[in-house]
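Here is a report on a structure for someone who has not seen it before. How do its parts fit together?

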2 protein chains.
Amino acid sequence: MASILVVGSVAYDSVETPFGKVDHALGGSATFFSVAASFFAEVKLVACVGGDFSQDDLKLFQSRNIDLTGLQRVDGKTFRWSGRYGYDLNDAETLDTQLNVFADFHPQIPEAHRDCDYVFLGNIDPALQRQVLSQVKSPKLIVLDTMNFWISGTYKSLKQTLALVNVLVINDAETRQLAQEPNLVKAARKILSWGPHTLVIKRGEYGVLMFQKNSPDPELSAFGVPGYPLEEVFDPTGAGDSFAGGFVGYLAGVDRQDTRAMRQAIIFGSVMASFNVEKFSLNRLKELTFTEVGLRYKEFRRLTHFDDLEEEY
Amino acid sequence: MASILVVGSVAYDSVETPFGKVDHALGGSATFFSVAASFFAEVKLVACVGGDFSQDDLKLFQSRNIDLTGLQRVDGKTFRWSGRYGYDLNDAETLDTQLNVFADFHPQIPEAHRDCDYVFLGNIDPALQRQVLSQVKSPKLIVLDTMNFWISGTYKSLKQTLALVNVLVINDAETRQLAQEPNLVKAARKILSWGPHTLVIKRGEYGVLMFQKNSPDPELSAFGVPGYPLEEVFDPTGAGDSFAGGFVGYLAGVDRQDTRAMRQAIIFGSVMASFNVEKFSLNRLKELTFTEVGLRYKEFRRLTHFDDLEEEY
């Protein structure tokens, strides 16, 4: 089992959906990622929190055996985000963002983490993402997350970071925006010419699409899986990060990066995202068992399986 | 091989997309359905056209061995629709609708067609759909299409028709509207309590989701498949009807209605829809070969396949 270095945000979220609300609940991209990934591999978290960060939340990380050597505690308050979702649960409306201690975050990778084989660069300034990469030795796989804010604000810098990574995980609107191309296949071809060999496109309730380069073959290979149909979706916050956690977690867990493992990793990512949205904040992932994870993987097989054709076709 | 009775519209469409335009091209729900279904089974078309309907278009139906005994030619002009799509190609903006001879269409099922085993009720007034059902003997499978216009305008009548059919094929917005429920699983449960045992939800570029009742088990079984990622989409007109044609066509072709066949039928529907959008009007389906259909079915296997887990999971 290989280990994963994750760099990103740890936050307190206040979230309102048509089904309820939570105040100052544990959140942040690196939090959802770490907890989801911890089901599969050893996770080393690099992030920063303020003096207000609670002992209970520290204990949650510790209960998942997440290495907190790289978690900086600094004077000030932890990053806070508050948002609201309507009935369609697709887009969050941000009500307030207070960067607090996150505004001056400069990731310092502890010496003991620099030889990590798997690196997940959470959604932070692309220049900081490159600072992380300059501190690590020679990872087997570097996975990048980003968002519309960095695509529109730091396009050139983001392209420099893209040139250094293997896998990009973004949603479909971000894919179109980054490539400046409405067709997803053309957009994928363009983005994959800039560095990554794999593009993973998150589509919310519609599932995930993965494109991979197989040079010298000019054709991209594609893999798609629908979202798991859920009867109760309480809080979509962190779904994308839980997806990334399951995805990178499984790859590190089996320590393979071939297409077979990549496809299975997409399913584990989808499994973790589908659990995460069933309750507010980390509440579902906290109580989740590995048996449930395995069962839902099998559910994904049942959801998507169809047979080959008989002879006559 | 069983045969299919299809009742619906034959039209002349004028369509504009960012990639070009066509004027007065052959279209209509029953047209796309029939041509797609004709790759798999014998199709008997019941529809009406005006005196302006061209010999070339008649020949297209004949070239696909579509039985035209039930095609009424009446005085007046054929149904005309004109619409426009933007870059996202999801929603058509209707520019003009001229029902013409279709306004007085009362489906007459020829005696020879009344013992058809498979019936597809295209998107027409639910009261007319019931008139069709009152003329047929005892089909093995009745598949229904409808749209927002009938859901909002003839809700009660539509529910009466629903009680008489086995499979409903609609899109996700129509599913939510019909059930008055934003969650798709809950919406499916509600709709399936009204009659049909199967609900097929078309989601455009995101693929298809199928829910089935397995009484006495209260859990619905679900099957999902992503859309085929296409690099060139020229004209989405008729994609839903081509889907239905491939779906019902395959079921009639193998003359089975078990879940295994239903899932394979969903793939053939997706195959036919994916070809249909590659060119304007019927231009792609016209030139399509059965070998291409079989190859794309295999592509769908490649697109969606992932392996079971190893022992350790």
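The contact takes 33 residues from chain B and 33 residues from chain A. Two residues are in contact if their C-beta atoms, placed from the backbone, lie within 7 Å. On the side of chain B that touches chain A, four elements each supply at least two residues: helix H7 (184-192), strand E13 (217-225), helix H9 (259-276) and helix H11 (290-304) of chain B. H11(B) gives the most, with five residues. Helices (H or I, at least four residues) and strands (E, at least two) are DSSP runs, numbered from the N terminus. By class, this side of chain B has 18 nonpolar, six polar and nine charged residues. Ala, Val, Leu, Ile, Met, Phe, Trp, Tyr, Cys and Pro count as nonpolar; Asp, Glu, Lys and Arg count as charged; the others, Gly among them, count as polar.

This is a predicted model, in which local features need pLDDT of at least 70 and side-chain atom pairs count only at pLDDT 80 or more, while totals for chains, interfaces and linings use all residues. Residues are numbered from 1 along each chain as its sequence is written, and chains are lettered from A and ligands numbered from 1 in the order in which they are written.

How are the copies related? A rotation of 180 degrees with 0.0 Å of shift along its axis superposes chain B on chain A, with an RMSD of 0.0 Å. The two copies are thus related as by a two-fold rotation axis. The same surface serves both copies: 100% of the contact residues of chain B recur in chain A. Superposition is by least squares on the C-alpha atoms of residues with pLDDT of at least 70 in both copies.

Chain A has 11 helices and 13 strands. Its radius of gyration is 19 Å, close to the 20 Å that the globule rule gives for 313 residues, so chain A is as compact as a globular protein of that length. The radius is taken over C-alpha atoms, and the rule is 2.2 Å times the number of residues to the power 0.38. Along the principal axes, the C-alpha atoms of chain A fill a box of roughly 70 × 40 × 40 Å.

Now the helix pairs. Axes are lines fitted to C-alpha atoms, for helices over the stretch in contact, and angles run from 0 to 180 degrees between N-to-C directions.

| Helix pair | Angle | Axis distance |
|---|---|---|
| H6(A) (172-179) and H7(A) (184-192) | about 60 degrees | 9 Å apart |
| H3(B) (126-135) and H5(B) (155-162) | about 25 degrees | 8 Å apart |
| H8(B) (239-254) and H9(B) | roughly 140 degrees | within 7 Å |

Angles under 35 degrees count as roughly parallel, over 145 as roughly antiparallel, 65 to 115 as roughly perpendicular and the rest as oblique. H3(B) is therefore roughly parallel to H5(B). H6(A) and H7(A) are therefore oblique to each other. H8(B) and H9(B) are therefore oblique to each other.

Handedness comes next. A crossing is left-handed if the near helix is turned anticlockwise from the far one by less than a right angle, and right-handed if clockwise. H3(B) passes H5(B) in a left-handed crossing. H8(B) passes H9(B) in a right-handed crossing. The contact of H8(B) with H9(B) includes B:Phe243 and B:Tyr250 of H8(B) and B:Phe268 and B:Met272 of H9(B). Its residues divide into 14 nonpolar, eight polar and no charged.
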